[in-house]
Amino acid sequence: MNLNKILNNDAFSRDEIIYLLNLENQNEIELLRDAAYRTMSKFVGEKVYFRGLIEFSNICLNDCFYCGIRKSNKNFHRYNLDKEQIIEAVKLAMEFNYGSVVLQSGERTNESFIEHVLDLVKTIKSISTNDIFPEGLGITLCVGEQTKETYQRFFDAGAHRYLLRIESTNESLFKSIHPPELDFNKRMDCLKSLKEIGFQVGTGVMIGLPGQTIENLADDIIFFKEMDVDMIGMGPFIPHKDTQYAYMIEEDEKSKWKNYELALKMIAVTRLVLQNVNMASTTALQAINPFGREEGLRYGANIIMPQLTPTEVRKEYQLYDGKPCMDEFAKECHLCLSGRIASINREIGYGEWGDSKHYFSRT
Ligand code: 5AD
């Protein structure tokens, strides 16, 4: 295959996607990165949009094998921020002029949890709406699998984006990392419901899962395209000490960096194939390389989620080991990220929602 010829196309076959993900030569990877960056500039621009991240509770009813906050892990403290603490974090988002916030938590489906989320969405909308921001802060929810009716209630309350990772689009791989009660088809149905309701829908996968192949990852990208999603969040899989994958922590450094590099290639190839989606440069990249999030932006990502979770509970939200920015206050994270983004000559879309252009092209 001829790399230049592939990169100058705007349609990519499965074989070409696999070829690109398999690139190992640094000069060729740089050509891939450059092509992805140009596609990003052309279709969504070079601005970076901030979504202030509030991890409002780590209580979770699921037991995903890879996740540090899964139900059966008893080695840390469970928290549930009260409304005042969450609103304090929202006020910081307004002070820092972020256009949007993400409310993320462990998964719960009981009515009181749902009502709590509804109350938060409505309160955030009302306190953030003013003459300067007539539509208030953009609100993204990331609270897992819910019924279609619940998603509709969230949407009606004012949330307009929803993140729900498929984790892997290969059904047997999905099964191998989840307990039997988590059903692949149900996850698919949730994504479809979210789209039908009118959310901007985000999904994504972990990269470097045990047993995952390059072909699986190519199929993940093809799934994103066929599912016509608006937003993508992906990062390297990082083993957590309190999970069955703890043994992998001891494995050589090489595989960690391999996953990291593969994650960057996934970002680049996804940008080439999906063109006008919003794509996050995730914190998991920074857990491996201190400059991982800047690299993600250089490979075609355009979204960053600065931490707004109160510092005192951040350590209790460790989905994977080595999560960075644990001791910083929100203000420090804000200044740090602004500096990092300036260092790669990118502008921040302060005060803007920065919605997915893909959403408007499909609706
Ligand atoms: N390594 C990397 N990402 C993880 N996530 C959960 N556990 C891990 C891990 N060990 C990701 C999942 C989930 C998101 C919130 O965090 O993809 O959807």
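Which polar side-chain atom lies 2.5 Å from an oxygen atom of the ligand?

Tutor: This is a predicted model, in which local features need pLDDT of at least 70 and side-chain atom pairs count only at pLDDT 80 or more, while totals for chains, interfaces and linings use all residues. Residues are numbered from 1 along each chain as its sequence is written, and side-chain values use heavy atoms, with hydrogens and water left out.

The atom you ask about belongs to E167, and the pair is a polar contact (N or O atoms within 3.5 Å). On the backbone side, a polar atom of I238 is 2.8 Å from a nitrogen atom of the ligand, and a polar backbone atom of Y66 is 3.1 Å from a ligand nitrogen. Of the 410 Å² that the ligand exposes when taken alone, the protein buries 88%, with accessible areas from the Shrake-Rupley method and a 1.4 Å probe.

The residues around the ligand (a heavy atom within 4 Å) include R165, M206, F237 and Y320. This shell divides into eight nonpolar residues, two charged and no polar ones, where Tyr, Cys and Pro count among the nonpolar and Gly among the polar. The ligand takes up the space of the largest cavity, a cavity being a set of points on a 1 Å grid over the protein atoms alone where a 1.4 Å probe fits but cannot get out.

Terms used
Polar contact = N/O pair within 3.5 Å; in protein donor to acceptor, adjacent residues only side chain to side chain. 1 Å grid on protein atoms, 1.4 Å probe; cavity = no way out; pocket = protein on both sides within 12 Å on 5 of 7 lines; lining within 4 Å. Sits in = over half its atoms within 2 Å of the grid points.
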